[in-house]
Amino acid sequence: MDVLKKLTILTDSAKYDVACTSSGVDRAGDDTGLGNAVAAGLCHAFAADGRCISLLKVLLSNCCIYDCKYCVNRISNDVPRAAFTPRELAELTIGFYRRNYIEGLFLSSAVLRSPDYTMEQMIGVLELLRGEYRFRGYIHAKTIPGADPALVARLGLLADRLSVNIELPSERSLSLLAPNKTKRAILGPMRQVSRSAAQSKAELAVYRAAPRFAPAGQSTQMIIGASPETDYQILRLTEGLYRKYELKRVFFSAYIPVAEDTLLPALDTKPPLLREHRLYQADWLLRFYQFTADEILDEQHQEFNPYLDPKCNWAIHNMHLFPVDVNRCSYEMLLRVPGIGVKSAQRIRIARRNGSLALDDLKRIGVVLKRAQYFITCRGYTGAHTSGPEATVRALLDPAAFGVGTQQLSLFAAPAIHELAAQGMRPALAAQEVREEAVACMTRQM
Ligand code: SF4
């Protein structure tokens, strides 16, 4: 098989992997080698399906010995198979880099022969790139669950970022849908990467030339919607992963049905894109807005509100904390005001040192008041919350959940709208009905 054919098969096989952003590391080029990496991230896309990638995103091989039920590359599936040799893949990467097609490499693989053999092949690619070709561009590599820790250690010294896919949100789902993988085989390398990265950071602080272990940290990916876990369970797991293993990112991948199996959603099930979107929003609240998973969801409310983003949903359930005076409230409380993001909260914190802020001052420093006006007061402004709960709810509704094109619904439209449309109702009318019902219901709850 020629290299182009292999490339076609193996980039297509890699498209379900979403853990691929590339920010977080700076490495200047030098006169002796090729390329550089910048912390601001990369911006090219390469895959044919248009998913978010800026690297050559490819599998070393899709010849898998495992049989994960949700995966297109599982051993029992009849798909074209291919595998690169380390030299082929290294040459391809350098060739693309020289042509300015890519700025780095995202390398993953199916389990070819055994986890150790696969890791050795991946290390082979990276050793060629870093050694023979002196490639200094960004490399993100997946570790293979069950591989020898010594191989993980070698890979970490060559790659900028490592990731170990947690795959599914619970051990039970893992044993049902990915019987060859275990929680231990996944969390073991995660722990190792976290410890080695911390140790490397400490060594670099005293000795600048100390080897750098995965300087852009580690990430993981979780499939959403292939198993029955609730949003609350997923969010708690995410929070635990950030805390315990200091992950840079947890990526969520809405399950796209690729296999018929009684344990999986039916083949005509739509990928839960709105749910994936809400998880990313909640993930931001965990990482940048000082929320905990238990504040966003709880035992009684285990699923996200499809009509509101998680921060707005938290706000309407905590109206007793609002309105807040932007001139007096804590920075933490500013972050919790719907419509006020991290940048706006920082600007307010700085601006109010010079005097009491009025509504015009907030506008001048770039604070968007469309939502925030219902939750704040400031000099000369007593707040729009007096216009009542219904007006507040209407202002907070997430337009993405009611997205309707001229002919069809947006993929992010709320499930209730899809259901009405499936019964034959015009999409615009379905969205209108669901919107009014949602407003009435949420207004009653306030
Ligand atoms: S290990 Fe599982 S998820 Fe990974 S390629 Fe093989 S079958 Fe797919």
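Me: Happy to start with α2 and α3: are they parallel, perpendicular or oblique to each other?

Reply: Bear in mind that this is a predicted model. Helix α2 covers residues 86-98, and its axis comes within 8 Å of that of α3, crossing at roughly 40 degrees. Angles under 35 degrees would count as roughly parallel and 65 to 115 as roughly perpendicular, so the relation of α2 and α3 is oblique.

Me: Nice. Which hand does the crossing of α2 and α3 have?

Reply: From α2, the contact draws on P86, R87, L89, A90 and T93. From α3, Q121, G124, V125, L128 and L129 take part. The hand of this crossing is right-handed.

Me: Let's move on to α3 and α4: what is their orientation to each other?

Reply: Here helix α3 (residues 115-132) packs on helix α4 (residues 149-158) with the axes 10 Å apart. The angle is about 25 degrees, and angles under 35 degrees count as roughly parallel. The orientation of α3 and α4 is therefore roughly parallel.

Me: How many charged residues does the contact of α3 with α4 have?

Reply: α3 passes α4 in a left-handed crossing. The contact uses D116, M119, E120, M122, I123, L126, E127 and R130 of α3, together with L151, R154, L155 and L158 of α4. By class there are seven nonpolar residues and no polar ones, and the charged residues number five.

Definitions and conventions:
Residues numbered from 1 in each chain as written. Predicted model: local features only at pLDDT ≥ 70, side-chain atom pairs only at ≥ 80, totals over all residues. Axes fitted to C-alpha atoms, helices over the stretch in contact; angles between N-to-C directions. Helix = DSSP H or I, 4+ residues; strand = E, 2+ residues; numbered from the N terminus. Parallel < 35°, antiparallel > 145°, perpendicular 65-115°, else oblique. Left-handed = near helix turned anticlockwise from the far one by under 90°. Contact = placed C-beta atoms within 7 Å. Nonpolar A, V, L, I, M, F, W, Y, C, P; charged D, E, K, R; others polar.
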